[in-house]
Amino acid sequence: MSTPFPFTAVVGQDDLRLALLLNAVSPAVGGVLVRGEKGTAKSTAVRALSVLLPEVAVVPGCRFSCAPAAPDPACPDGPHERGPGSQRPARMVELPVGASEDRLVGSLDIERALSEGVKAFEPGLLADAHRGILYVDEVNLLHDHLVDLLLDAAAMGASYVEREGVSVRHAAKFLLVGTMNPEEGELRPQLLDRFGLTVEVAASREPDQRVEVVRRRLAYDDDPEGFVARWADEESAVRQRVVAARELLPSVRLGDAALRQIAATCAAFEVDGMRADIVMARTATALAAWAGRTEVLAEDVRQAALLALPHRRRRNPFDAPGLDENKLDETLEEFSGEGEGEGDGGSDDDTDPDPDPDDHGPSGGGGQPTPDDGGPRDGDEAAQPEAGEGGAPQPSPSGAGERQPARASEPFRTKVLSVPGIGEGAAGRRSRARTEHGRTTGARRPQGALTKLHLTATVQAAAPHQRARGRSGPGLVVRRDDLRQATREGREGNLVLFVVDASGSMAARQRMSAVKGAVLSLLLDAYQRRDKVGLVTFRGAGAEVALPPTSSVDAAAVRLESLPTGGRTPLAAGLLRAHDVLRVERLRDVHRRPLVVVVTDGRATGGPEPVALAGRAARLFAADGTASVVVDCESGPVRLGLAGKLAGELDGVAVTLDELRADALAGLVRDVRGTSSRRAA
């Protein structure tokens, strides 16, 4: 095993290091989610933390790391007698993105359980991580049901494995650390809330600091052992400080004044539920212990808010985490003199209707490290190709003849768009699919390891052979060939590829605003259904892939907001470019089924026979069996119905912007399935 990079040698990233150390002092804080761009020492810092944790005493031979002074009475390897035990280093266990449920929580040998009545349990990663660190790199790419299991275990301090009436429980208390790159997709707000602290990290823009990062990394790569030895004193000092803070933690007093500041801060920022208050209280207490104090001060409350609240402020999936530090300071100041008659002391500032002339920054600036340009890091990747954007939410268009991008109208709840048939793609919430989770629809012989037993089918397969197998008692004689795997049907996520007409015919500001609002609504729906999304636009002389297929719906929203309009309508070029994108994606992920959403009024201009070319391009999708929907943006008293004709060529469905709304009378899902039935006929 390679020597970890020293924790104290990490350059900068003060908030990241502090959040990790606070969880080392008090695991009850609830873990850390580290959000940031590539190459910002996220994984390096987490792996380095395990070296700083004190050694743990364990019962010899116990696979579940029971403490010898207080062994778990429900330990599957128990019962254990109290004793001295043995010491070992704290573990850091990594959960791979592609791990199965059994690999995470453990697995039961169902064959032995049925035939011998033995609970043969093989521990999973949760058992390995007990009393250590469980690290999930790219946690946003982990399947939702695994994240739910992970966070439930972290909250309860125990893991439960249930398989066809056979139950096993074991302790699972660990420091949970997740890292993610927002460009690759966001976590759901419900899951974000389950992480105690969240830290935003970004690469330094200071040349001297970047030079020091490179210098230390090169020195470590040349001689890891020698580099670690040079930092041994600093590492030892931090390790001793962690131990001292842990010992001091029970003596730290959280006074009523600090508690009122915590409650007032959470109320002022309108966070949901009470988890934020509890996490802030635990974080402030850990901060005081880390500082060597037995009293929580206002500065501890402020720092706790900066670490515990930004990710709980999101009201919309496209909102970037952040916290208005001016508002935070005002709230803490207002409740700092409680009981001293100062409740009205700051009223002059609070009631002044005139804004501070020196306050030019927008609210929601955030208490986390942010990019120097102030723009949301999620959109940086999406913003690069557009000249003049610079990461800003409202960039100026580039190029002659382009019109100022129109703002999207208010998003709305859309009808359900789904792909016909039954797929086998990644778990999601859109189209029907054969999955490991969902309702049971049948049984089959297992291919490889048995994961989901179909008990009834297994008993039916074994029953006719009981006399031949010499059964004499009440038990059922079950053999490997009798076992049946349950087949289940759930939902999958799809690739939703938007093909958006950005030509001059769509350029009327009110019209384009409605179109962007509709696409933004569909993006919000894709976010909730765990889809991948892509964006192809066409205008002027051709088409471009504005956003390759990605899990980052946020990036698509940023691209959409800055979409310029103008020029001719090369509809065929847009369809052909989309067809090429799908061809490449099928090679990358053969199981993820696509859904093409064409947003246009159906007009086609430019070049010879543009309408005929568009028709031939559309028939390529029909030949591939690609599910498609045309959102008809045509408006006005005179309508040509070209979008409907395009939908016919695609063998898809045409809906108007009004029909796209969930409260419209049109049965969109029924129409999509009806098209599929006609196609099959």
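Helix axes here are lines fitted to C-alpha atoms over the stretch in contact, and angles run from 0 to 180 degrees between N-to-C directions. Keep that in mind for the first stops. The model is predicted.

**Stop 1: α11 and α13**

Select residues 256-268, helix α11, and residues 298-308, helix α13. The two pack at an angle of about 25 degrees, and their axes lie 10 Å apart. Angles under 35 degrees count as roughly parallel, so α11 is roughly parallel to α13. Their crossing is right-handed.

Now show side chains. From α11, pick Ala 258, Gln 261, Ile 262 and Thr 265. They meet Ala 298, Val 301 and Ala 305 of α13. By class, this contact holds five nonpolar residues, two polar ones and no charged ones.

**Stop 2: α11 and α12**

Which residues of α11 meet α12? Select Ile 262, Ala 263 and Cys 266. Across from them, in α12, are Ala 276, Asp 277, Met 280 and Ala 281. The contact of α11 with α12 divides into six nonpolar residues, no polar ones and one charged. Ile 262 is worth a label: it meets α13 residues and also α12 residues.

**Stop 3: the six-stranded sheet**

Move to the open sheet of six strands. Read across it in the order β17-β16-β15-β18-β19-β20; the pairing is mixed. Colour the edge strands, β17 (542-550) and β20 (653-656). Each of these pairs on one side only. From one strand to the next, the twist averages 20 degrees.

Zoom in on β19, residues 627-632. With β20, β19 pairs in the parallel sense over four bridges.

**Stop 4: an aromatic pair**

How many aromatic pairs does a search of the whole structure find? Four. One of them is Phe 5 with Phe 227. The rings are 5.3 Å centre to centre, with 35 degrees between the planes, a tilted pair.

Now colour by segment. Phe 5 sits before α1 (14-25) and Phe 227 in helix α9 (residues 224-230), so the pair ties together parts 222 residues apart in sequence.

Methods: Residues are numbered from 1 along each chain as its sequence is written. This is a predicted model: local features need pLDDT of at least 70, side-chain atom pairs count only at pLDDT 80 or more; totals for chains, interfaces and linings use all residues. Side-chain values use heavy atoms; hydrogens and water are left out. Angles under 35 degrees count as roughly parallel, over 145 as roughly antiparallel, 65 to 115 as roughly perpendicular and the rest as oblique. A crossing is left-handed if the near helix is turned anticlockwise from the far one by less than a right angle, and right-handed if clockwise. Contact means heavy atoms within 4.5 Å. Ala, Val, Leu, Ile, Met, Phe, Trp, Tyr, Cys and Pro count as nonpolar, Asp, Glu, Lys and Arg as charged, and the others, Gly among them, as polar. Two strands pair if DSSP finds at least two bridges between them. Rings of Phe, Tyr and Trp (its six-membered ring) pair if their centres lie within 6.5 Å; planes under 30 degrees apart count as stacked, over 60 as edge-to-face and the rest as tilted.
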